[in-house]
Amino acid sequence: MKLSKEKLLSFYRTMQTIRLFENRISDLYARGTVPGLAHLYIGEEAVAAGVCGALRPDDFITSTHRGHGHVIAKGADLKPMMAELFGRRTGYCKGKGGSMHIADMNMGILGANGIAGGGLPIAVGAGWSAKWRGTDQVAACFFGDGASNNGTFHESLNLASLHKLPVIFVCENNKYGISVCQLKHQPIIDIATRATSYDMPGSVLDGNDVLEVYEAVVKAVRRARTGEGPTLLEFKTYRWRGHHEGDPNQGERYRTKEEITQWMEKCPIQRLAAKLVTKKIASRQALDAIDREITTAIDAAVEFATQSEFPALEEMYEDVYASEDMAK
Amino acid sequence: MREITYSQALNEALRICMTEDERVVLLGEDIGCYGGIFQVTKDLQTEFGPDRVVDTPISEAGFVGASVGAALTGMRPVTEIMFIDFTTVCMDMIINQMAKMHYMFGGKGKVPMVLRVNIGAGRGTAAQHSQSFHSIFMHVPGLCVAAPSTPYDAKGLLIEAVKNDNPVIFVEHKRLYNTRGMVPEESYRIPFGRAEVKRTGKDVTVFATHALVLSALEAAEEAARDGIDVEVIDPRTLAPLDKDTLIASVKKTGRLLVADEDNKTCGVAAEVSAIVAEDAIEYLKAPILRNCSPDTPVPFSPPLEKSFMFGKDRLLESVRRLMAYA
Amino acid sequence: MATEVVIPMLGVTIETGIIVEWLKKEGDQVKKGESLFVVEADKVVAEVESPASGLLAKILLPVGQKVPVLTVVAVITDPGESVPARYLSGAPAAAAAERMPSPVAAVPMTAPTALPAPGPVRAVPAARTLAREKGMDLSGIKGSGPAGVILHKDVAEAAAAPSVVVSHLARQASEKAGLPLGAIPGSGVRGRVMQADVARAAAEAAAPRLGKIIPMDRMRRIIARRMAESAFTAPHIHFFSDVGMDALLAFRGQILPEFETRLGLRPSVNDFLIKAAALAIRDYPLLNAIVKGEEIHILPEINVCLAVALPDGLITPAVSNADQCGLAEIVRLRADLVRRARAGALTVAELERGTFTISSLAQYDISHFTAILNPPQSAILSVGKTRDTIYLENGQVRSARMATLGLSVDHRIIDGTLAAEFLQTLKAYLEKPAFTFLHV
Ligand SMILES: Cc1ncc(C[n+]2csc(CCOP(=O)(O)OP(=O)(O)O)c2C)c(N)n1
Ligand SMILES: [Mg+2]
């Protein structure tokens, strides 16, 4: 697939935004500015960038507890995102949701999700809705290897295939569900093989190669938009950080330092950068300039969040119901 | 006796049960090398092996249902659900299967299993990881619901839960895991349905659950300085519920505050209030008050979450309100 | 569709009402025509029927609050219908203006006095229990808790204090009479105040004495207001005429045995007066008129009131369409009205529909008197004692029985000649009874 320079650079920009954003979160979390749980995506950026790079703004995604990357790639604004992580009223969820629940209906972001496997049926519903409404929108659904053991995975694949719904099942196989490595939580290596059971195409792909991700998703999207039904794509990847910030020594209870180092050598961003430089699509300096721009944007987001107010206490009672007259 | 934490006490109870009875197996997510998200199963996999301490896939309906099946056929599974919030994905297994079988099959077949869950907000984990809807299980006939507030109770109740032939929802509390208390080394059982009067008093009965027992005791100390004599009752199990101790106390004090962390509507506190209204209303010198969580999901933002939660101060305020009916 | 329940128009002069009792509660299913509540207005107590079948979804007016008639007091809804939001504020609403039927409603109404609803005694359960054990009545105990709620300790203190022992009925009676219980000597065991003691005290209290100040009760206040209003708005003129009663009394004597044996009725002189007056009104319809602003309304029905004295005042139920009734019918109606007036069982309509009034003091030694009009009526007939008189006829001294009838009229609409003609006609009707009462 021949891609334009802009497209290639946009992959770089997206991945680097995710990376630098999350590095900053890691730092802020350690200082207590970001409360709660922060599940970082560092190391897996190619999946989000490649998948969302193949979607239109009006397409849908459902995300997971590890969702910052997905929503940034789908176009979320760093300022309300940062504000949400800070628990401020200017955040995407008015401070009610936090890291695990970023949503932006205007961007087709149907929400990050605290329930492993919770997003799959919702993506099926969004695809079904597109079909009912007669649009050619598609829904991409991110979920982990761990979540693929939830019953919702099976029910969702079956439903989507049965009704030929425009859904792309994006499995991010990072080898672990918290501390449980894949070998211990399922008897298969390739989750994509399960596609056969539901009569849909399934492929195993390198989740650290954004171009490979992109190409596979473009195909799946084409299939979905033309009414041929869903696709299951499995991307092998790896999270560099612990399950969440605070997981002792980035998960030393269940994995080795060597394993982490090996995967860090396959950094998806460095891989793309090297390619861009060797193919003379961009110079190191040009990439550095992009990095500086991103850093400035993140600084601005932090500033925005810091300056924003916390919600007023009575706001706790707002939005429990969709119409205020339901509230007591 | 020595001082240990609530999670150590639970860990000890599990170790005792597994040592005494080879039918006891543990299932749950990340309970092996990780030791459980709150370290309750720490080192048990090393000690008893991965066959008896099983890290499960994220398949709650599957492994809770499997626990039911195993219990029905001679095992005694103790199964951990990481947060009470995730019991929702296996409610069928809990409410339609685990709770119903013994009755539905006319008394044939037992389900001697324990489902360990935890409740409590305060960790910034928002609406899907902070809930306290333990009252739901109290509502379902056939389930026992334990709710320990101290390390001592945690150990005694968990051992009882494992040895008990009924399905038990064992509700732990996130904020209690690191609290400390005196716990005997040996095995002991705390029978279900026996509340403990954690402090005697004659003016106000505070019926508190879980972490709020501790808040109630603190509030009682402070009220005592104003000459208000507070009695604190800890039900220890919500099902069966020790109505006698409750009623006896209300008859004595004539004033009742119920403190529970579930949402106010249809929660433990509503039930306890109704019991008193039915059985002892003529003794009441003041309205029954409830201190519960607001009827909203748990908000993420720290100031909101803080105001969602309550403790000693709120309880004390309510105690004073009751004493306006002196 | 939600149906509004209002305090109905209870008669042309009644402006306000008080609900004294709700016979149904919120949430009850009601049928059209079933009694919903009891309203008290001026001199009457009336049950008000449901205007529709459905759910009594919302009661807007509690008992004890005085409001203008036509105030919406409740809402009845159809199955599945919810109470329209405009009623949910809880305040009784003035009815929509277009629903006010008569010009009367345009008369400025007394604003509803915002009396707080008395409500039940508020006491904590333990206080109730203690009161029950001690046989004490909570209504006499003052609450010291939040919002005046009676506490356990209040009852305990009241129990410890030496207090008046009172029977339940006595307490009710004393509340009704407004007598402080402490002042009533008790004749029961251990000095318990009994109902009879309260009755005695009430009688003593009621007896007028020199130097005593008597607060007007409700009925007296109404009478006072209406009489003053009548005297000061309608210029009265008075006419008198002596009526020979021999023929009428003889006529009565003749028909009395038949009436008694055949019909079980006993016509009184008043019954003849009612009928004769009604016939005379037919001849002079202006006597059946009322003044409304700048208009004279001649009322369509001739409803003759008879003033009935009660221990605490006077009421005037009306025999309706008296001109069209035979004598027997009049006797029957009058007897029933008087009986029910004494029993306090008259309806609002019976009290309010009168168009002309007869007031008789014939049983006293009163030759004649003037009367004040019964508002808004324009004429009232006063009847003095029937007495023996002597008179000269062709130089011969003769005796006759005579009664002096007085007619007082509203001079705004009835002139002297008209009044005189009416009275002459009435006199003639009474003196020729055989003709007059031919229509049986
Ligand atoms: C139904 C449910 N069970 C358990 C959890 C707790 N939990 C949160 S993340 C996680 C692991 C998820 O693993 P995976 O799907 O592979 O995603 P990853 O964290 O590796 O990105 C678990 C068990 C949950 N959130 N939801
Ligand atoms: Mg994973």
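Between them, chain A and chain B bury about 2,900 Å² in this predicted model, and 66% of that area is on carbon and sulfur atoms. On the chain A side, the residues that lose the most area to chain B are A:Ile115, A:Arg253 and A:Met316. Together, those three account for 21% of what that side buries.

If you like to count residues, 40 from chain A are in contact with 34 from chain B. How many salt bridges are there between chain A and chain B? The count is zero. For polar contacts, though, we have nine residue pairs between the two chains, both partners at pLDDT 80 or more.

Where does the chain A side come from? Helix H4 (78-86) and helix H7 (182-185) of chain A each supply at least two of the residues touching chain B. H4(A) gives the largest share, three residues. Sorted by class, the chain A side has 18 nonpolar, 16 polar and six charged residues.

Now let me take you to one residue within chain A, A:Gln137. You'll find A:Gln137 in the loop between helix H5 (119-133) and strand S2 (139-144). Is A:Gln137 buried or exposed? It counts as buried, because its relative accessibility is 9%, and the cut-off for buried is under 20%.

What does the side chain of A:Gln137 reach? It reaches the backbone oxygen of A:Asp58 at 2.8 Å, and it also makes a polar contact with the side chain of A:Thr135, at 2.7 Å. Setting aside neighbours within four places in sequence, the contacts of A:Gln137 include A:Arg56, A:Phe60, A:Pro166 and A:Arg225.

Key: Residues are numbered from 1 along each chain as its sequence is written. Chains are lettered from A and ligands numbered from 1 in the order in which they are written. This is a predicted model: local features need pLDDT of at least 70, side-chain atom pairs count only at pLDDT 80 or more; totals for chains, interfaces and linings use all residues. Side-chain values use heavy atoms; hydrogens and water are left out. Contact means heavy atoms within 4.5 Å. Buried area is the accessible area (1.4 Å probe) that two parts lose on being put together, summed over both. A salt bridge is a side-chain nitrogen of Lys or Arg within 4 Å of a carboxyl oxygen of Asp or Glu. A polar contact is a pair of N or O atoms within 3.5 Å; within protein, one must be able to donate a hydrogen and the other to accept it, and residues adjacent in sequence count only if both atoms are side-chain atoms. Helices (H or I, at least four residues) and strands (E, at least two) are DSSP runs, numbered from the N terminus. Ala, Val, Leu, Ile, Met, Phe, Trp, Tyr, Cys and Pro count as nonpolar, Asp, Glu, Lys and Arg as charged, and the others, Gly among them, as polar. Buried means under 20% relative accessible area, exposed over 50%, partly exposed in between (1.4 Å probe, protein chains only).
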